[in-house]
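Biologist: Could you walk me through this one while I have it open? I'd like to jump around a bit.

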Amino acid sequence: MGKPFYYFSRCLYSLGRPVYPTKVIGRENIIKKGKCIYACNHLSAVDIPLTQVHIPGYRRYIGKVDFTERKSSKFLLSRFGVIFIDRERPALSTMREIFKVLDNGQILIFPEGTRNKGDESEMGELKTGLALFAAKSGAPVVPVLLYRRPKAFRKNYMYIGEPIDVIVDKGRMPTAAEAEAITARYAHEFARLRVRLCDYVENKRWKRKNRLKTGEIPPALAAFDAEHPAPLVPGEAEGKSE
């Protein structure tokens with residue numbers, strides 16, 4: 001029942017688009033077919049409907065097992081296609097289900113693991129689950145970033161970044177140390193995307209006179225890259241030296 005209910009709920013959520021006006025940047029980075037992991041910051045309960053409405057296609061969502069404690073949420077989310085996972089002790093059957101989806105399908109995960117109730121301009125600490133799923137499946141990670149906490153009738157921005165495909169040794173489960181290193185790289189890429197998004201909003205890049213030239217990066221991003229070199233992932237240094 002996952003797909004029918006998913007598309008039915010998407011139609012319902014679409015009716016609420018005027019309530020949560022959201023400008024999407026980077027639509028060209030959407031992967032419509034094939035395996036892919038969308039990773040989004042998590043600021044509110046509206047994040048799921050927003051990503052469902054503004055990112056076309058069918059995908060499964062990863063949700064924490066706590067949602068199964070209430071029969072109503074378990075019933076609805078299960079039919080929506082949510083895969084429930086215990087972050088502390090993930091069941092083998094759950095992991096197999098996720099990897100089965102990623103054989104040629106898509107999932108969306110909130111890598112912070114829970115809703116960020118603090119500073120909306122910064123992501124919380126990323127969990128290693130995203131790195132595990134990406135490394136084992138070989139799926140590219142498409143970062144999605146909401147500019148601020150969604151509020152009714154307040155304009156918001158959703159930035160869909162270029163796919164992150166930095167894992168060298170794909171197709172196997174990484175060690176704990178490798179997963180931590182890959183997660184640090186993802187955190188870095190999300191921080192870069194935040195700089196891009198802030199530049200877009202603050203400098204009104206949607207206006208013709210403020211647009212950057214093709215291939216040009218925002219000055220703020222150039223400064224960020226100079227001060228924050230990207231953490232290497234396992235095997236990357238060796239690949240660069242060849």
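Biologist: Let's begin with Gly235. Is it buried, partly exposed or exposed?

Modeller: This is a predicted model, and in it Gly235 counts as partly exposed, with a relative accessible area of 28%. Gly235 sits in the loop that runs between α7 (219-227) and α8 (236-241).

Biologist: What does the radius of gyration say about the overall fold?

Modeller: The radius of gyration is 18 Å, and this agrees with the value near 18 Å that a compact globule of 242 residues would have. Of those 242 residues, 45% count as buried, and among contacts between residues at least 6 apart in sequence, 72% join residues at least 24 apart.

Biologist: What about the surface, and where do the charges sit on average?

Modeller: The protein exposes about 13200 Å², of which carbon and sulfur atoms supply 54%. There are 42 positive and 27 negative charges, and the mean positions of the two sets are 11 Å apart.

Biologist: OK, helices. Which residues of α4 are buried?

Modeller: In α4, which covers residues 92-101, the buried residues are Thr94, Met95, Ile98, Phe99 and Val101. Seen down the helix axis, the buried residues of α4 fall within an arc of 155°, so they line one face of the helix.

Biologist: What is on the face turned away from that, and what covers the buried side?

Modeller: The face of α4 turned away from its buried side carries Leu92, Ser93, Arg96 and Lys100, which are exposed. The cover over the buried residues of α4 includes the strands β3 (60-64), β4 (83-85) and β5 (106-109), together with helix α5 (129-137).

Biologist: How many residues of α2 are buried?

Modeller: In α2 (residues 47-54), seven of the eight residues are buried, so this helix is largely enclosed by the rest of the structure. The buried residues of α2 are Asp47, Pro49, Leu50, Thr51, Gln52, Val53 and His54.

Biologist: Is Asp199 buried or exposed, and what does it touch?

Modeller: Asp199 is also a residue of helix α6, and at 6% relative accessibility it counts as buried. Leaving aside residues up to four places away in sequence, Asp199 touches Lys204, Arg205, Leu212 and Pro218. The C-alpha atoms of Asp199 and Ile217 are 10.0 Å apart, and these two residues are 18 apart in sequence.

Biologist: You mentioned Lys204. What is its phi?

Modeller: Lys204 has a positive phi of about 50° although it is not a glycine. For context, most residues other than glycine have a negative phi. Lys204 is found in the loop between α6 and α7 and, at 40% relative accessibility, counts as partly exposed.

Biologist: Which loop holds Phe153, and what is its phi?

Modeller: Phe153 lies in the loop between β6 (141-146) and β7 (156-160), and its phi is near 65°, a positive value in a residue other than glycine. At 66% relative accessibility, Phe153 counts as exposed.

Biologist: Last one, Arg149: where is it, and what does it touch?

Modeller: Arg149 is found in the loop between β6 and β7 and is partly exposed, with a relative accessible area of 22%. Not counting residues up to four places away in sequence, its contacts are Leu43, Ser44, Asn116, Lys117, Gly118, Glu120, Arg154 and Asn156. The C-alpha atoms of Arg149 and Leu43 are separated by 5.4 Å, although the two residues are 106 apart along the chain.

Key:
Residues are numbered from 1 along each chain as its sequence is written. This is a predicted model: local features need pLDDT of at least 70, side-chain atom pairs count only at pLDDT 80 or more; totals for chains, interfaces and linings use all residues. Side-chain values use heavy atoms; hydrogens and water are left out. The radius of gyration is taken over C-alpha atoms; the globule rule is 2.2 Å times the number of residues to the power 0.38. Buried means under 20% relative accessible area, exposed over 50%, partly exposed in between (1.4 Å probe, protein chains only). Contact means heavy atoms within 4.5 Å. Accessible areas come from the Shrake-Rupley method with a 1.4 Å probe; for residues, only the protein chains shown count as cover. Lys and Arg count as positive and Asp and Glu as negative; His and the chain ends are not counted. The place of a charge is taken as NZ of Lys, CZ of Arg, CG of Asp or CD of Glu. Helices (H or I, at least four residues) and strands (E, at least two) are DSSP runs, numbered from the N terminus. The arc is that of the directions from the helix axis to the C-beta atoms.
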